[in-house]
Number of protein chains: 2
Amino acid sequence: VKSSSKIFDVRRVLVGDRREIARAISAIERQSPAARPLLTALYPHTGTAHIVGITGAPGTGKSTLVNQIACTYRQKLDVQVGILAIDPTSPFSGGALLGDRIRMCDLAGDPGVFIRSLATRGAVGGLSRSTAEAAQVLDAAGFDVVLIETVGAGQDEVEIAHTAHTTIVVEAPGLGDDIQAIKAGIVEIADIFVVNKADRAGAEATARALQFMLESGDRLARQAAIAAANGADKNTVRWQVPVCKTVALDGTGLDELVSQLDAHRAYLRSSGRLEAKERARAQANLVELLRQELFSRFLLSLETGELEDAVSDIASRQMSPYETLERLLNTPKTPETR
Amino acid sequence: VKSSSKIFDVRRVLVGDRREIARAISAIERQSPAARPLLTALYPHTGTAHIVGITGAPGTGKSTLVNQIACTYRQKLDVQVGILAIDPTSPFSGGALLGDRIRMCDLAGDPGVFIRSLATRGAVGGLSRSTAEAAQVLDAAGFDVVLIETVGAGQDEVEIAHTAHTTIVVEAPGLGDDIQAIKAGIVEIADIFVVNKADRAGAEATARALQFMLESGDRLARQAAIAAANGADKNTVRWQVPVCKTVALDGTGLDELVSQLDAHRAYLRSSGRLEAKERARAQANLVELLRQELFSRFLLSLETGELEDAVSDIASRQMSPYETLERLLNTPKTPETR
């Protein structure tokens, strides 16, 4: 493979050179144009990794769980594992999870593991774009499983989950009322549920509540509607979402969880759902690129100070946001434009 | 005021007609073009409400706190209060918080209170746009304070917080390790910290930890950098972020919290920061409208099936996302385009 970029060595990424992978992901993270030819050169080599999203509210112990999933894959199945940790509040903080992660797990120094925190610099949709692209790099570099950890409470997180083949939703007993509200929205994206901290009081009740939700007609109806919208055949074999109980701190239940991950991957392949997932992932990626590129090019087309003047007019209430929008886009002021 | 829309009665919104307000917000929520002339007609009447964002992780009790803030305003100061509850996982769930809210507070039936859950239908940035526009409706309709409740863990939430004049970040003792990671990113957006559930063990320690973070050079340096980037004068009077302790369930600390809210508003006015906040809000609103409108218009410009074909090429690895992007945008395939 010939390098198509002066800056990045495609071959070194493809053979799993850690330093080159890290450099590439850094370029992706700051959305440098230099990453584009690299990503294009790597793209034909993607498509073999199992992309797994792990999402759950703070306090569910999902970071520990991600570590244990990686450990289980490493110790028992000898697959290479990439971990992308998404820090949703990163516009300010940068990724600070790495230190914690290494301290609490024995993955440090393992050449078959690549761990990276991802931050966004504030652009809407920037995080899901960076995450998808970083996963492409790890995929092309030969990592068999890529674990993407998100907090799972915001729109961005839901979209990142959509870029995975398999989404694990982590719950834990006794986290308070608000959890219920989050659950309501996140149930539909779960391929596997985990009740972590399963040695605590209330774990059984949490697992039963999840099982009940899974069996309720409401969920099934909504899921069928989503499947139909995605073009799924009515006769497609259904995936029965399992509820796994784990104690991530001591590794209880991890073998079963990893078996379920592999089972879901096999299901995606045998049912033909993998193709639909790949299409959904491609679409999400393309739409985000289009949105960002259209906006970037539009900004470049403006006169110096034009955007600032428009903001001033809105802030001072001289012109409404929609009037300003029409003025900037230089079209007739009809609100019927869709 | 003459109605500028066949569908919405601007005058009725301006005099606070609840049914018309609800209809308008529903149109905003589904991003109906019919809402645009209404928003434009209402816009000159906005700018008087105090927009307050309340953000915090699940389990901090912030829904209860929002209720109590509203009750405190209603009982002691006789101001009209609007509440917008953001359900971040709403692409599937729709807003389900309303029932809970009414059950646990005595705001139900109060004509001086308007409560609404907001959902997004899956568009990136859609939630922050809907939230900003719903707040405009309540502002124009004469609500003196608009409380916007978010989970505060995702990029969307951070942006919604940026559309507020005053942002309250709610913490609670003993919520586990992940909280620390969230805190790290959300500290900088806090104008007021609240340690809720202050009657619980560990509340003092949480409050001290927050106070320590506030006083650390790191935060002050970052805050100064942000202020400078926003064009703030170095000699501007600084706002000392207070750490309030509350027990939302019994109302402890609420008077002090509401005093701090009013003090922050007074500070914004006297320091000249209000103008900068208004500009930041206007810019966030305009940028999101531009992003959505540019993408909508681009989609309309495509041939039937063009986007689907592009997605197929990416999913089958025949073409990379960036090559497809360039093809769709019909420009030379140079990666140097910014």
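Biologist: How many disulfides does a search of the whole structure find?

Modeller: The search finds 0 disulfides over all chains, a disulfide being a pair of cysteine sulfur atoms within 2.5 Å. Keep in mind that this is a predicted model, where local features need pLDDT of at least 70, side-chain atom pairs count only at pLDDT 80 or more, and totals for chains, interfaces and linings use all residues. Side-chain values use heavy atoms, without hydrogens and water, residues are numbered from 1 along each chain as its sequence is written, and chains are lettered from A and ligands numbered from 1 in the order in which they are written.

Biologist: What keeps B:Cys244 from counting as part of a disulfide?

Modeller: The nearest cysteine sulfur, that of B:Cys71, is 18 Å away, and the definition asks for sulfur atoms within 2.5 Å.

Biologist: Why is B:Cys244 called buried?

Modeller: Buried means under 20% relative accessible area, exposed over 50% and partly exposed in between, with a 1.4 Å probe and protein chains only. B:Cys244 has 3% relative accessibility, so it counts as buried. B:Cys71, at 5%, is buried too.

Biologist: What makes helix H15 of chain A largely enclosed by the rest of the structure?

Modeller: Good one! In this helix (residues 321-329), 7 of the 9 residues are buried, among them A:Tyr322 and A:Leu325. Helices here are DSSP runs of H or I, at least four residues, numbered from the N terminus.

Biologist: Why are H3(A) and H15(B) called roughly perpendicular?

Modeller: They pack at an angle of about 115°, and 65 to 115 degrees counts as roughly perpendicular (under 35 is roughly parallel, over 145 roughly antiparallel, the rest oblique). So roughly perpendicular it is!

Technical notes. Axes fitted to C-alpha atoms, helices over the stretch in contact; angles between N-to-C directions. Helix = DSSP H or I, 4+ residues; strand = E, 2+ residues; numbered from the N terminus.
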